[in-house]
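Here's a quick walk through one chain of this model, from its overall build to what sits inside. Have the structure open as you read.

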Amino acid sequence: MARYGMVLDYKNCINCKACEVACKEENGILMGADKHRIWVGTGEIEGQYPLLDLTSNVFQPSQCQHCDDAPCEDVCPTQATFTDENGVVRVDVEKCILCTYCMNACPYDARYIEERTMTVDKCTFCTDTRLARGETTTACQNTCPTKVRIFGDLDDPNSEISEVLRVREHFSLKSHLGTNPKLFYLT
Amino acid sequence: MKIGFINIPFKEGFTIKSLFSFEKTPTNLLVAVFTLALLASFVVGVAMFLTHGHHAYNVTREHPWGLLLAVYIFFVVSSTGLCIIGSLGDVFGFKDYMMISKRAIFGSIVTILAGFAVILFEIGHPVTMLIYNVLSPGLTSAIWWMGTLYGLYLTFMIIEFYFLLNNDMKKAKIFGLTGLLVGLAAHSNLGSVFGFLNARPISNGVYYPTYFILTAFITGVFLAFIVMGFRYKLNFPAKAKVMLEGLAKIQGLLISILIFFVTWKMLTDIYGGMPNRSEVAVHILGSWTFQAEVLLAMVLPLLVVLTTMGRKPVLMFWASMIGMVGIFFMRYNLVHDTQLKPLQMLKIKEYQLAPEWIHYFPSPAEMLISAGGLGLCIAMYYVGTKMFNLDEEEGH
């Protein structure tokens, strides 16, 4: 039993999109599928030349926040969305009726329709693939050249993720909604 | 006809053949052709869906709910409204409204069936829904409660209608009251499907669960004028005039309350410029569909009530026809407007291109299936008028 989460040192992101490619390759996501399991938000440079605000031109990688209190799970009429024993929010394909209520309720726009099964899909922290093979990293984390992501057990005080969260300031997205996300952005 | 202990009193002379015989007036022929065209559109729409699946629809990841959901809501709101109207006589004992009870309850059955027929093609896996709705119910889901309660509601409505047909008013009252309460619960749960969306400030809150009940009542009154108008070919007998005058006055009050509701909803949304709510409300105010909703479902019918004091049922019939067009826009707006704002923009720290609104326009398949829902509704109602005596029994 673990309580998996992820830390993103997002200021290190160079928008190479290797994470998106690795995710697609590892989890069999359709090529060309934009912003499916993970994506990189891009900030346009603000201001007018020569008074450009260079701090606005940053990248923010994101994905399902694996909320402890996931709205997508609450709204699912058939309990197709569930939190597994490791705190990962997942979808049971057999039970999904494609009412798309979860897509409407997710504050992070983290869900999409998987064209092959015609059910709603999302990031699984590579539960069915890498973690099932005994690996301890996700594909996006493993491939990142600037080491933006740290994946691990939030309940293990000796894990790298717990250590980083103890010593670095961080924030969560839309924490005011009470979703208790398990993705943390380092400042 | 008697099947075991069940006695279904069909109308005298009813045969399958009698379904095809009707008075060949220009109006009747027009309605018949119109209904057949709508039914044909349903077949074509469903064929497009079966061929292309959900790709036949213009719904997207950013706008997952489209016209079919709006039309489903349109029909189930109509059903709840007719149930309220039907209950006035046989449940609450208002004698003047007894004459419409059976017709309204039958109307509530056909409208919800039409709604189910439309949503059947919106839900991706309806068979899975039937199985896992029972095997693993999501008790925190407003959709689960709404769907389950509507299923129960339909059952109670059918039983109530059966007892009304058999003039067993005592049992009709018991099942009518139970059905009404379950229907109101189902309907407010439908409102909470939107009200529970914490991620979307424009819809989140108590407003929709209560507003749905109010607008159901208004829809029910509009439909009462329409079905009675067709029943009496706009040549209303004195008894019907008394009932319709009462309904028109009730409608005036209900629409006034609705205008009050909508005004305060808009003011609250805009006040203070709260991000993700204020600008959405301003955008809604500027949309022609919202203006159509206000004009057709609120302003025009209210003007007719106020200028005639409800004493002109023929005028109210036409105002109700226009009102139902307004109610359609009301449902469409509800679904579309709550998805206007891209969710990724709502992230506290998300870096995106300049915000823009989510665009949606229904696909031909969505339009054809939706139109077909209306065709099914009219066809089922017509069959009902041929099969059963929907008028009040003499002596009751």
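Chain B has 12 helices and 2 strands. Keep in mind that this is a predicted model. Following the sequence, the order is β-β-α-α-α-α-α-α-α-α-α-α-α-α. The radius of gyration of chain B is 21 Å, close to the 21 Å that the globule rule gives for 396 residues, so chain B is as compact as a globular protein of that length.

Some overall values for chain B:

| Property of chain B | Value |
|---|---|
| Span of the C-alpha trace along the principal axes | about 70 × 50 × 40 Å |
| Buried residues | 47% of the 396 residues |
| Share of contacts (separation of 6 or more) made by residues 24 or more positions apart | 77% |

Now for the inside. The largest nonpolar core counts 163 residues, and I73(B), V118(B), V221(B) and A224(B) touch the most other members. Helix α2 (residues 67–90) of chain B gives the most to this core, at 16 residues. Take A224(B): neighbours within four places in sequence aside, A224(B) is in contact with I85(B), I100(B), A104(B) and L247(B). There's also a second, separate core of 6 residues, and I202(B), V280(B), I284(B) and L340(B) are among them. As a rule, nonpolar side chains in soluble globular proteins tend to be buried together.

What does chain B bring to its contact with chain A? Chain B puts in 34 residues, and chain A 35. On the chain B side, the elements that give two or more residues are α4 (126–135) and α5 (142–165). By class, that side of chain B has 16 nonpolar, 14 polar and 4 charged residues.

Definitions and conventions
Residues numbered from 1 in each chain as written. Chains lettered and ligands numbered in written order. Predicted model: local features only at pLDDT ≥ 70, side-chain atom pairs only at ≥ 80, totals over all residues. Helix = DSSP H or I, 4+ residues; strand = E, 2+ residues; numbered from the N terminus. Rg over C-alpha atoms; globule rule 2.2 N^0.38 Å. Buried ≥ 20, exposed ≤ 12 C-beta atoms within 10 Å, placed from the backbone. Contact = placed C-beta atoms within 7 Å. Nonpolar A, V, L, I, M, F, W, Y, C, P; charged D, E, K, R; others polar. Core = buried A, V, L, I, M, F, W, Y, C linked by C-beta atoms within 7 Å.
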